[in-house]
Amino acid sequence: MTGSDTGSKVAVSIESVSKVFNRGKPNEVRALDDINLDISEGSFVSLIGPSGCGKSTLLRLMAALTHPTGGSVTVNGKSADKARLDRDYGMAFQTSGLFEWRTVTQNIELPLQLMGWEKADRKARADEMLELVKLAEFATHYPRELSGGMQQRVAIARALAFRPSLLLMDEPFGALDEMTREHMQTEVLDIWARTGKTVVFVTHSIPEAVFLSQRVIVMSPRPGRITADIEVPLGVRGFETRESNRFFEKVTEVREALRFDKGGR
Amino acid sequence: MRRVFRGAAPALVFGSVGLIVWELGLLLAKPDGFVLPRPTEIVGSFVDNFTVIWTATVNTGYIVITGLIVGVLLGVVWSLLVSRFRLADETLTPLAIALNAIPIIALAPIFNAWYGLLSPTSNQAIVVLLVFFPVFINTTKGLTSVGATELDLMHSYAASKWEITKMVRIPNAMPLFFVSLKIASSLAVIGAIVAEYFGGRQDALGQFIVQNAASSRYTEAWAAVIAGSAMGIILYLLSGGVERIVTPWRPDVDVVVG
Ligand SMILES: Nc1ncnc2c1ncn2[C@@H]1O[C@H](COP(=O)(O)OP(=O)(O)O)[C@@H](O)[C@H]1O
Ligand SMILES: [Mg+2]
C-alpha cells in the first residue's frame, strides 16, 4: 500500500545522475545535477517542479531516450538501454502522439505489431485495452474524430497494451480542461490499481501530483535538482479525497516545498 | 458521386458563365484582327479535326504518362534515400537543387540533338526533369517532418530505422506527396507540349499547335490547347482519386476537385 518504499524491489534506480546539454558551447545547459532516486516496484511517483527544471529530461533518461552525462540509470536491474530494447516501459506524453493514419485499434496495435504478435492476438488485446479505457465503441475511428481526453486514453491504452512493467508519463493531461483532467486522473488510478504497474508521472499541477501519487518528488531548476521527497499516505483515493483536510495539508506541503525553491534561487 | 457533383457545381456555373461572356463578347464587339476565336468556333474545329487531334493527344499523353511515372519514381526514391542516409542527404540534396536551378525547357533543343530531332525520348527527358523536383522536395518534407513525440514513442518500442520509415515516415509523407503529384501532373502536360515545340514526333499536340499557329490557323491551335487542358484536368482528378483511396484518414477538404 502507500507509505514506506523499503522492502519492495526497486524498479528504477538513479545514482548521481547529471545531464549537461551542449557541453562546452555557449548555450550549455546543466539540466540535471547530482540526482539520486530509487522508485520501488508497483509505486506511483510524481515529479513536480517549475517549467525547465528537468522533469522531462529525467523521464527521458529513465526511458533511455537520452543518456546521462554522469552517473547511472538502472531499470529493472539492468541498464536503461537494455530495458528499452526489452520494451520494459510504455510512455505517454502531453500530445497523444497517435498516428492520424491509423484507427484507434490500429494505433493500439502498433507496438504489438512491432513485437511480432499474431493478428488475432493483437486484435484481442486492443479490444481488451479499449474496454479498460472505456472506448470500445470508438475502435474503428480515426484519432481526429476523438476529443483530446479520448485521444489521451487511447495513448495510455497503447502504452499499456504490450504489458510493460513501467508506465512513464510526461504531463499527459497538461492539455486537457480541468474537468476532463480530474476524470482522467481517476481513470489512471483505477488502471494502476488493476494492473499494478510502476508509474512515474510528470506534472506541474500540485493537486494532480498529490491526488495521484504515493510519493511526490519536488525539483528545482538551474541546475535541476531534487529538493524534496514527500510521502503522500492518503490511502485509496476517492471522490472525497480532493475535499479532505489531509489532501489540503499535502497540497500545502508540496506548495511550500516549491516556494522554498523559488526563494532559494 | 452526388457529393462530387454538388462540390463541382459552383465551378461548373462559374466556367459556363465565363464561356458565355467570352462567346458573346467576341460576337458583339467583333474586334478587328483579334486572334482569339469564340468557344463555339474552337469546339467546331475540335470536331472537324477530331481524328488528328485525338492521335496527337494519345501521342503526347504517352510522353506525359511515361515521363510522369519515371519522374515521380525518381523523386520518391531520391527523397527516401535523402531522408534515410546522411551521406545521401549531403550529396543528393544539393544535386537535386542544382538540377532544379537549370531552366529545364531550355534543354529541349539540346536533348533533341542528343536523342535525335524526331525522337520522343528527348521530350520524355524534359518531363522527367520537370516532374522530379516538386515530388522530391515535398516528399522529403513529409518524410522528415515527423514530431518529436512520435519519434520518442517509436524509440520506446525499440523500433528500427526501417520500421520507423515504413510505419511513420512514409504515411506521414502521403499528404505532401499527393500535393506534389497534382503539381507534377500539370507540369508534365506543360513540359511535354512545350518540349514538342522543339522536336519529337510530328503527330503530337506540341507540333500540331506550332504548325497551325505558324499558318495562322489559330482556331485549330486552340482546339489542341483544349485537348491538352483536358489531359491535365483528367490527370489532376486521377491524382485526387488515388489520394482518397490511399489516405482515407484525411477529411474531405478539396471537394471541388472530386
Ligand atoms: N535537447 C535539448 N538540448 C538542449 N537543451 C535542452 C534539451 N532538452 C532540454 N533542454 C534544457 O534542459 C532544461 C530542462 O528541460 P526539461 O527537462 O524539458 O524541463 P521540464 O520538463 O521540467 O520543463 C531546460 O533548460 C531545457 O531548455
Ligand atoms: Mg517537460
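In chain B, 69% of the contacts with a separation of 6 or more are between residues 24 or more positions apart. Contact here means heavy atoms within 4.5 Å. Before I go on: this is a predicted model, where local features need pLDDT of at least 70, side-chain atom pairs count only at pLDDT 80 or more, and totals for chains, interfaces and linings use all residues. Residues are numbered from 1 along each chain as its sequence is written, chains are lettered from A and ligands numbered from 1 in the order written, and side-chain values use heavy atoms, with hydrogens and water left out.

Back to chain B. What does the pattern along the sequence look like? It reads α-α-α-α-α-α-α-α-α-α. That is 10 helices and zero strands. Helices (H or I, at least four residues) and strands (E, at least two) are DSSP runs, numbered from the N terminus. The C-alpha atoms fill a box of roughly 75 × 50 × 30 Å along the principal axes. Of the 258 residues in chain B, 42% are buried. Buried is under 20% relative accessible area, exposed over 50%, partly exposed in between, with a 1.4 Å probe and protein chains only.

One residue from that chain. Met174(B) sits in helix 8, residues 161-198. Leaving aside neighbours within four places in sequence, Met174(B) contacts Val246(B), Thr247(B) and Trp249(B). Leu27(B) is 147 residues from Met174(B) in sequence, and 48 Å away, C-alpha to C-alpha.

Now chain A, and a helix pair. The axes of helix 5 (residues 148-161) and helix 6 (residues 178-195) of chain A come within 11 Å and cross at roughly 20°. So helix 5 of chain A is roughly parallel to helix 6 of chain A. Angles under 35 degrees count as roughly parallel, over 145 as roughly antiparallel, 65 to 115 as roughly perpendicular, and the rest as oblique. Axes are lines fitted to C-alpha atoms, for helices over the stretch in contact; angles run from 0 to 180 degrees between N-to-C directions.

Who makes the contact? Helix 5 of chain A brings Gly149(A), Gln152(A), Arg153(A), Ile156(A) and Leu160(A). From helix 6 of chain A, the residues include His183(A), Glu187(A) and Ile191(A).

Last stop: Asp33(A), in strand 2 of chain A, residues 29-40. Is Asp33(A) buried or exposed? Buried, because its relative accessibility is 16%. Beyond four places in sequence, Asp33(A) touches Val17(A), Ser18(A), Pro223(A), Gly224(A) and Arg225(A).
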